[in-house]
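Here is a briefing to read alongside the coordinates.

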Amino acid sequence: MEKSSRPAHDSVAVSRRLRAVVAVAALAVGGLGACVGDPEPAATKSPNAAAAIPTPTDFHRGPASTARGDDLVTVETLVTRLDIPWGVTFLPDGSALVTERHKRRILRVGPGRGADGELTVRPVTTIEGVYANNEGGLLGIAASPHFRRDQTVFIYYTTKKDNRIAKLRLSDRRPRPVPIVTGIPQAGVHNGGRLAFGPDGYLYATTGDASRAGGAQDLNDLGGKILRMTMDGKPAPGNPFKGSLVWSYGHRNPEGIAWDANGTMYSAEIGEAVWDELNLILPGRNYGWPKVQGMGTGRGLTNPLVVWRPEIGVTNGIAIVGQTAIVTCLRGQRIYLVGLGGPVNIGSERIVGSGVGEASIRWRPGAGITGRPLEALTGRYGRIRDAVRAPDGSVWLTTSNRDGRNQPVPEDDRILRLTFRSPSPSSTTR
């Protein structure tokens, strides 16, 4: 267990440190916004031309890190021996609610610590009717913005016929989910499942294409979308398509969403077998799947900000602190630190890249990315799934080493606490 003796950082201090992170990232690759190697032109990729989807045994280990950011972060282990912790939401008292995908449990983690130094863990309830089929089960969770008053959380879960979103009142003697959105397509894979309240107070949900790629382009199909809704599951005012929950479409399997301090929304998305994506999300935009994956061309389509190969990715969660996105990877068993501080022209066509083959990364400087994403924690904790900004400015990370796609150790699965530290002199002279 690795412990951090550093105090919690407030948001101002974290932002200052993250400006240093962006500067170090630039130095590591030769300057802010600089091309690494030759510029790579945008290219339309046909999903049919992609390699076969990797089998579970292919997910055990990604290639070694080539641009490390480990000297910029500190990690503390908060909890061990969980079973596929999937969603995390924080409560006003400083504790967190955590879902376990296959055990169908909601756990209350913290705020106190036990004799072993780990945060306390207490089961809250088990959700009946959840169908834990491979990637399905009890997935996302989001506490109501008015939790002190209504004691309500929202959960995303798989049943035998659909994925659905429900509200759950924890003050009830036997909390039972009350569905507010049903009919989200489900399958053994590509269920999406992340829930979060945006800065506008509305509930957002990510949905996967449930292995039916064509549905991602159909505005009448809830699969392959990001949805925006009221707390009763109705389309939120201002949604781009009249009477629809759909906020954006053309997604394959988005599982991470977060907002920066300006209210700009970002999503981490698992691609097929060619590219994973970091997207800036705008209402009504089409993000291309299955017409295009990764950087591409096509009328009416919106390009990602960053793409990387699945061997170093399978991009899942995202948290934003200051001007840096922390993006988690399952197969790649790492996180990426992505600088977001540049001017944003979402239509910019300039693409630069680094690495070859399975180590390839491409990004768009004109769309706000300040340099090559820095890797950190590569191989140290296995498959890293969720990233959630905590109230103290740190980021909680969850691992997924008991999901059948890795070989867990006794301490798995874990919740980790990540903080940024000022770069050392040696790290700025690489």
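Leucine 227 has valine 246, in β13, as its bridge partner. The model is predicted. The chain has two helices and 26 strands, and 60% of its 430 residues are buried.

- β13 covers residues 246–249 and runs antiparallel to β12, with three bridges joining the two.
- β11, residues 203–206, also pairs with β12 in the antiparallel sense, over four bridges.
- Threonine 206 has isoleucine 226, in β12, as its bridge partner.
- β12 itself spans residues 225–229, and five of its five residues are buried.
- In a regular strand, side chains alternate between the two faces of the sheet.
- Both faces of β12 are covered. Lys225, Leu227 and Met229 are buried on one side, and Ile226 and Arg228 are buried on the other.

**Whole chain**

- Contacts between residues 24 or more positions apart make up 58% of the contacts in the chain with a separation of 6 or more.
- The accessible surface of the chain is about 16300 Å². Carbon and sulfur atoms account for 49% of that surface.

**The sheet β6-β7-β8-β9**

- Four strands form an open sheet in the order β6-β7-β8-β9, with antiparallel pairing.
- β6 and β9 (178–184) are the edge strands, and each pairs on one side only.
- From one strand to the next, the twist averages 15°.
- Strands of a sheet pair through backbone hydrogen bonds.
- β6 and β7 (residues 152–158) run antiparallel and are joined by four bridges.
- Leucine 138 has tyrosine 157, in β7, as its bridge partner.

**Salt bridges**

- Side chains of opposite charge can pair when their charged atoms come close.
- The whole structure holds 21 salt bridges.
- Arginine 113 and glutamate 76 form one of them, at 2.9 Å from N to O. This pair links distant parts of the chain, 37 residues apart. Arginine 113 is in β4 (residues 105–113), and glutamate 76 is in β1 (residues 73–79).
- Arginine 113 is partly exposed, with a relative accessible area of 43%.
- Glu76 and Arg113 also belong to a network of salt bridges with Asp392 and Arg417.
- Arginine 104 and glutamate 128 meet in another salt bridge, at 3.9 Å from N to O. This pair also links distant parts of the chain, 24 residues apart. Arginine 104 sits in the loop between β3 (96–100) and β4. Glutamate 128 sits in the loop between β5 (119–126) and β6 (138–143).
- Glutamate 128 counts as exposed, because its relative accessibility is 56%. Arginine 104 counts as partly exposed at 24% relative accessibility.
- Arginine 414 and aspartate 412 meet in a salt bridge at 3.5 Å from N to O. Both of these residues are buried.

**Aromatic pairs**

- The structure holds six aromatic pairs.
- Phenylalanine 90 and tryptophan 396 form an edge-to-face pair, because their ring planes stand at 75°. The ring centres are 4.7 Å apart.
- Phenylalanine 90 is in β2 (residues 85–90) and tryptophan 396 is in β25 (residues 395–399), so the pair ties together parts 306 residues apart in sequence. Both residues are buried.
- How are the rings of tryptophan 308 and tyrosine 336 arranged? Their planes are at 15°, so the pair is stacked. Their centres lie 4.4 Å apart.
- That pair links distant parts of the chain, 28 residues apart. Tryptophan 308 belongs to β17 (residues 306–308), and tyrosine 336 belongs to β20 (residues 334–339).
- Tryptophan 308 counts as buried at 0% relative accessibility. Tyrosine 336 also counts as buried, at 0% relative accessibility.
- Tyr204, Trp247 and Trp259 are linked into a cluster by ring pairs.

Terms used. Residues are numbered from 1 along each chain as its sequence is written. This is a predicted model: local features need pLDDT of at least 70, side-chain atom pairs count only at pLDDT 80 or more; totals for chains, interfaces and linings use all residues. Side-chain values use heavy atoms; hydrogens and water are left out. Buried means under 20% relative accessible area, exposed over 50%, partly exposed in between (1.4 Å probe, protein chains only). Contact means heavy atoms within 4.5 Å. Accessible areas come from the Shrake-Rupley method with a 1.4 Å probe; for residues, only the protein chains shown count as cover. A salt bridge is a side-chain nitrogen of Lys or Arg within 4 Å of a carboxyl oxygen of Asp or Glu. Two strands pair if DSSP finds at least two bridges between them. Axes are lines fitted to C-alpha atoms, for helices over the stretch in contact, and angles run from 0 to 180 degrees between N-to-C directions. Rings of Phe, Tyr and Trp (its six-membered ring) pair if their centres lie within 6.5 Å; planes under 30 degrees apart count as stacked, over 60 as edge-to-face and the rest as tilted.
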